[in-house]
Amino acid sequence: MTDARGHEISSEDWSSKDSHMDKDNHRTGPTDHEQHIAALPPSEVQQTTTSLDSQKTSSHLQNTRSKLGLHPTAPIVEEHDYAGHSDLWWPKVRLSLKEPFAEFWGVFCMVMFGDGAVAQVLLSTDQRTAPGGDGFGDYQSINWGWGLGVMLGIYIAGDSGAYLNPALTFTNCVLRKLPWRRFPVYFIAQFLGGFLAAGVIYINYINGINDFEGYGNRTVPPSKTATAGIFCTYPQDFETKAGMFLSEFIASAILMFVIFALKDDSNKGQFSASGAWFPLGLFFLIFGIGACFGWQTGYAINLARDFGPRLMSYAVGYGHEVWSAGGYYFWIPMVAPFLGTLFGGILYDIFIYTGPSPINTPYFGLGDLFRPKNAIQDRVETQKTQGIV
């Protein structure tokens with residue numbers, strides 16, 4: 001693949017090294033021509049594109065993508081951009097929303113595997129026809145399911161950065177200069193992915209749920225036959241509010257701290273950075289968090305994974321108890337992951353990271369709180385210069 005000046009571009013040039021996953025998954029730097037285009041008003045962009053650029057489908061979608069908060073240049077292989085089918089209506093829609101679609105299906109896959117594992121383990125409890133006569137799986141089977149779901153979701157969502165979690169997106173906006181205007185469209189895509197995946201799980205296991213609970217019965221913990229835990233997390237009965245919050249906070253902080261470590265090419269020491277092994281690294285990370293920190297609250301650590309399926313469980317008949325269970329625990333998996341991932345990311349930047357970060361500026365970046373307008377302007381100008389927006 002070549003750029004506008006005929007230079008070879010490797011697949012590695014589509015991603016930068018400083019964000020949670022491939023910061024934007026676009027070329028590492030724009031050409032002079034692209035920088036010039038990025039600095040112009042949208043109405044003038046078309047007038048300055050070259051005849052070669054005008055043949056690209058993506059060149060006609062820059063304004064649409066910018067309004068959605070996405071990178072003006074879509075992540076697409078050059079030869080696909082020039083292909084005749086790229087001018088059809090659906091390829092244009094797909095190219096306009098490529099990253100949100102990637103986040104949607106990444107989360108969808110993650111929740112399908114994770115909730116599917118919970119469903120199989122729970123609904124087959126004590127089933128004598130299973131190998132060993134004690135059901136199909138155990139708690140570690142659930143951790144395997146969530147680990148696999150995250151790993152495969154990352155592969156699916158590579159072009160978007162594969163955040164798969166609003167809290168991770170948020171922390172990358174704060175510490176890795178991911179454009180804030182991208183957060184809303186990613187958030188919506190992630191939420192919908194979790195919501196609809198839970199619906200598919202319910203349809204797939206509805207007969208098993210009826211058999212387990214009794215036809216038409218739908219209950220939440222601490223009921224002995226509760227199946228609501230298939231879709232979202234519920235705390236142990238003995239947990240206090242502070243304990244619930246701390247459990248989710250700690251797990252989320254570990255998640256972000258290790259993700260930043262896996263993506264930090266400046267911290268590779270005597271071994272290569274994770275690179276293509278990153279999804280496998282995340283598999284072990286999620287498995288480990290579940291195995292070591294999952295018992296008390298179910299290690300939601302992700303609003304899209306918990307709130308989306310919880311809303312679906314409410315919609316299919318589990319009742320108001322999905323919100324009131326655990327002393328209205330539902331808000332903790334919505335709030336704690338944001339604070340936990342931010343804390344974990346700040347810890348990593350303070351003690352290990354040597355690259356661009358608010359932590360590596362005077363007063364740890366706190367000075368920007370007293371001049372927010374200038375800070376925002378500086379950030380936007382930097383992003384334009386780097387071709388991020």
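**Exercise 1: A pair of crossing helices**

Helix 10 and helix 13 make a right-handed crossing. A crossing is right-handed if the near helix is turned clockwise from the far one by less than a right angle, and left-handed if anticlockwise. The model is a predicted one, in which local features need pLDDT of at least 70, side-chain atom pairs count only at pLDDT 80 or more, and totals for chains, interfaces and linings use all residues. Residues are numbered from 1 along each chain as its sequence is written, and side-chain values use heavy atoms, with hydrogens and water left out.

Task. Determine at what angle the axes of helix 10 and helix 13 cross, and which residues meet.

Solution. 
Step 1. The axes of helix 10 (residues 183–213) and helix 13 (residues 303–318) cross at roughly 45° and come within 7 Å. Axes are lines fitted to C-alpha atoms, for helices over the stretch in contact, and angles run from 0 to 180 degrees between N-to-C directions. Helices (H or I, at least four residues) and strands (E, at least two) are DSSP runs, numbered from the N terminus.
Step 2. Helix 10 is therefore oblique to helix 13. Angles under 35 degrees count as roughly parallel, over 145 as roughly antiparallel, 65 to 115 as roughly perpendicular and the rest as oblique.
Step 3. Helix 10 contributes residues including Phe187, Phe191, Phe195 and Tyr202, and the residues they meet in helix 13 include Leu303, Phe307, Leu311 and Met312. Contact means heavy atoms within 4.5 Å.
Step 4. Sorted by class, the contact of helix 10 with helix 13 holds 14 nonpolar, four polar and one charged residues. Here Ala, Val, Leu, Ile, Met, Phe, Trp, Tyr, Cys and Pro count as nonpolar, Asp, Glu, Lys and Arg as charged, and the others, Gly among them, as polar.

**Exercise 2: Two partners of helix 15**

Task. Describe how helix 13 and helix 11 are each placed against helix 15.

Solution. 
Step 1. Between helix 13 and helix 15 the angle is about 170°, and their axes are 9 Å apart. The two helices are therefore roughly antiparallel to each other.
Step 2. Leu303, Asp306, Phe307 and Arg310 of helix 13 form this contact with Pro333, Met334 and Phe338 of helix 15. By class, five nonpolar, no polar and two charged residues take part in the contact of helix 13 with helix 15.
Step 3. For helix 11 and helix 15, the axes cross at roughly 45° and come within 6 Å. Helix 11 is therefore oblique to helix 15, and the crossing of the two is right-handed.
Step 4. The contact of helix 11 with helix 15 has 16 nonpolar, five polar and three charged residues.

**Exercise 3: A residue of helix 15**

Task. Is Phe343 buried, partly exposed or exposed, and with which residues is Phe343 in contact?

Solution. 
Step 1. Phe343 belongs to helix 15 (residues 332–351).
Step 2. With a relative accessible area of 40%, Phe343 is partly exposed. Buried means under 20% relative accessible area, exposed over 50%, and partly exposed in between (1.4 Å probe, protein chains only).
Step 3. Leaving aside its neighbours within four places in sequence, Phe343 is in contact with Phe249 and Ala253.
Step 4. Phe343 and Thr171 are 172 residues apart in sequence, while their C-alpha atoms are 8.9 Å apart.

**Exercise 4: The largest nonpolar core**

Task. Which residues touch the most other members of the largest nonpolar core, and which helix gives the most to this core?

Solution. 
Step 1. A nonpolar core is a set of buried Ala, Val, Leu, Ile, Met, Phe, Trp, Tyr and Cys residues joined through side-chain atoms within 4.5 Å.
Step 2. The largest nonpolar core has 55 residues, of which Ile230, Phe231, Leu255, Ile259, Leu282 and Tyr318 touch the most other members.
Step 3. Helix 7 gives the most to this core, with 10 residues.
Step 4. Leaving aside neighbours within four places in sequence, the contacts of Ile230 include Asp115, Val118, Ile201 and Ile209.

**Exercise 5: Backbone features in loops**

Task. Which residues does a cis peptide bond join, and where does Ile301 lie?

Solution. 
Step 1. Pro221 and Pro222 are joined by a cis peptide bond, with omega about 15°. Pro222 lies in the loop between helix 10 and helix 11.
Step 2. Ile301 is in the loop between helix 12 and helix 13. Although it is not a glycine, Ile301 has a positive phi of about 45°. Ile301 is buried, at 5% relative accessible area.
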